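This report looks at one helix and at the contacts in which it takes part. Please view the sequence and the structure below before reading on.

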Amino acid sequence: MSQAEQDKKTELAKQYEALWREFGPSLQRLVFSYEFLPQAREDLLQEILLALWIALPRFRGESSLRTFVFRIAHNRSLTHVWRRKRAGVSEDPESLQLSDKRDGPESAVIRNKNQERLLQAIRELPVALKQMMTLALEETSHAEIAEILGISENNVAVRLNRARNLLREKLGGRQ
Amino acid sequence: MNSDQEMKQWREIWQVEDSSLAPNTGEIRNRAVRQERSLRFKFILEMALAVALLVGSALYASVRHNAEMLLWMVIVWILTIAASAFSIWNWQILWRAHERSVSSYLALYRNRAHATLRAVNFGFALLVFQLLIVIPWFTYDLLERNLPRMRYGIAMIMLAVLSVTYVWVFLRMRARAFKEIRLADAESAHAE
């Protein structure tokens, strides 16, 4: 490998580390909103990180890094959810909860009761509304959400309102 | 509570950080590199197999120089080139697709499923076409050119096994494509 290639790889690795430092916590929360089972979460996070690693050399700054990262993360999650549905994996929250408590090394991760309730309610949202809500909770602007999801800003407002109402309803049912 | 306060409260709950979630970034990068390498290796293997098929069939046809072998070589070349072209296209689009917006990704996903359905229909037609050529050809050889019955029987059994396998693969592909279209449609419906 030439020195230039080596330097490029080192630079890429640095960018990747910086990306993880900046977006790691958001990506972990995102993964939690899609998957309850620890193993499935880990798999999804790996898939997202792999997709980011492959895509990073092509990032030219046409959009913000945040938009770039969230697009990849949500698209990858969508594929993950579809694959799970195609395989007919159970989405029954009761069984998932049981599995999580028994199997997961990360079972102690969700310590905060309120966080657990919120995560469970978000997990139950339809994917389109889940994406909307998680992006909003990450304080992503309407313009960025529109860019990530490929919809108009007006549509973002409408969909966010719908997601909020549904989430409120689900949280209400849990109190 | 107004909706801004409600959102603020949800954000505070949502953004609680837990250090126990933080994985080793170096290890993640290394795993990503390993996975990428393994995917590239699989892709290179596929391409190597395609080249072997092209070269092998050309060599075989040149050794047994007759019209039948030439026709067989042409069919192998067409199918191999088509499969390889699809593989290259799929490889390129597979990863780039993630950089698109979610709605565009959804549309692409649906288009790919429709493309699979078209490919399956084409495959069925090609299979019927090949059977319509091969069966009368062998039967003609049996009746007019004294093809041994044993060889004719073996050829027919092989043909039947291959046909059933292809039909099974096509049906699975079709069922999967329909399921993907339904999933994509359901997501779009939720989004509306």
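Predicted model: local features only at pLDDT ≥ 70, side-chain atom pairs only at ≥ 80, totals over all residues.

## Geometry of the helix

Helix 3 of chain A covers residues 65–86, 22 residues in total, and its span of 32 Å from the first C-alpha to the last is close to the 32 Å expected at 1.5 Å a residue. The helix is followed by A:Gly88, which has a positive phi, near 70°.

## Contact between the domains of chain A

Chain A is divided into domain 1 (1–104) and domain 2 (110–175), and the contact takes 15 residues from domain 1 and 14 residues from domain 2. On the domain 1 side, the elements that give two or more residues are helix 1 and helix 3, with helix 3 giving the most, 7 residues. By class, this side of domain 1 has 7 nonpolar, 6 polar and 2 charged residues.

## Contact with chain B

Between the chains, 43 residues of chain A are in contact with 34 residues of chain B. Helix 1, helix 2, helix 3, helix 5 (113–123), helix 6 and helix 7 of chain A each supply at least two residues of the chain A side, and the largest share, 10 residues, comes from helix 3. The residues of this side divide into 24 nonpolar, 10 polar and 9 charged.

Key
Residues numbered from 1 in each chain as written. Chains lettered and ligands numbered in written order. Helix = DSSP H or I, 4+ residues; strand = E, 2+ residues; numbered from the N terminus. Expected span 1.5 Å × (residues − 1). Domains from an automatic or database assignment. Contact = placed C-beta atoms within 7 Å. Nonpolar A, V, L, I, M, F, W, Y, C, P; charged D, E, K, R; others polar.
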